[in-house]
Amino acid sequence: MDEQSLAQVVVKLNVLEHLLSSAPPDVREGTIELTHLQNNVKLRATEIDALYKVTAIAKGASESGLMTVEVKLKDPIIREQIEKQALSALKNPSFRFCIPVVLKRYAKGEVTALLFRRLDEKDVAISDDGSEVVPLVVAYSAKYVFEPSIKAL
């Protein structure tokens with residue numbers, strides 16, 4: 001099992017669709033659709049394990065955003081990695097917001113999903129060293145136990 005295999009299992013089992021639909025309404029923020037776009041996206045500044053398009057309704061109008069997904073098996077979760085993914089998504093003029101997600105396998109057959117608060121361009125700040133940063137706040141989390149077990153997972 002590697003990170004890309006886990007990302008593919010999550011896509012096939014609609015785990016992120018379930019995560020978002022089970023989150024409280026204030027976390028979903030009008031989300032009406034989640035569409036998987038691609039796994040293993042390599043950008044100049046970062047790499048994204050899975051990328052989804054999010055459609056939401058805000059003030060009666062439809063708007064599009066991206067969900068960036070970082071998958072971790074044994075490695076620790078690195079804040080800067082999640083920030084770079086979100087910043088890359090926010091720089092795309094086709095999308096108004098980003099929802100970062102981390103999927104972490106802590107035990108065989110179990111995955112914990114961390115859904116971060118939605119980020120908009122206004123959330124981007126400049127740190128003391130001049131780099132761009134965004135506030136990463138976990139808005140919702142869930143643990144998934146796969147039964148019957150998936151051998152590789």
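I began with overall size: for 153 residues a compact globule would have a radius of gyration near 15 Å, and the chain agrees, with 15 Å (taken over C-alpha atoms, the globule rule being 2.2 Å times the number of residues to the power 0.38). I note that this is a predicted model, in which local features need pLDDT of at least 70 and side-chain atom pairs count only at pLDDT 80 or more, while totals for chains, interfaces and linings use all residues. Residues are numbered from 1 along each chain as its sequence is written, and side-chain values use heavy atoms, with hydrogens and water left out.

I then looked up the extent of the C-alpha trace, which spans about 45 × 40 × 25 Å along its principal axes.

For the elements, I found four helices and nine strands, running α-α-α-β-β-β-α-β-β-β-β-β-β from the N terminus on; these are DSSP runs, helices being H or I with at least four residues and strands E with at least two.

Of the 153 residues, 44% count as buried, a word that stands for under 20% relative accessible area with a 1.4 Å probe, protein chains only.

Last, I turned to aspartate 123, which sits in the loop between strand 6 (119-120) and strand 7 (125-126). Aspartate 123 has a relative accessible area of 14%, and is therefore buried. Leaving aside neighbours within four places in sequence, I listed Arg117, Arg118, Val133, Val134 and Pro135 as the residues in contact with aspartate 123, where contact means heavy atoms within 4.5 Å.

Conventions: Buried < 20%, exposed > 50% of the residue type's maximum accessible area, 1.4 Å probe, protein only.
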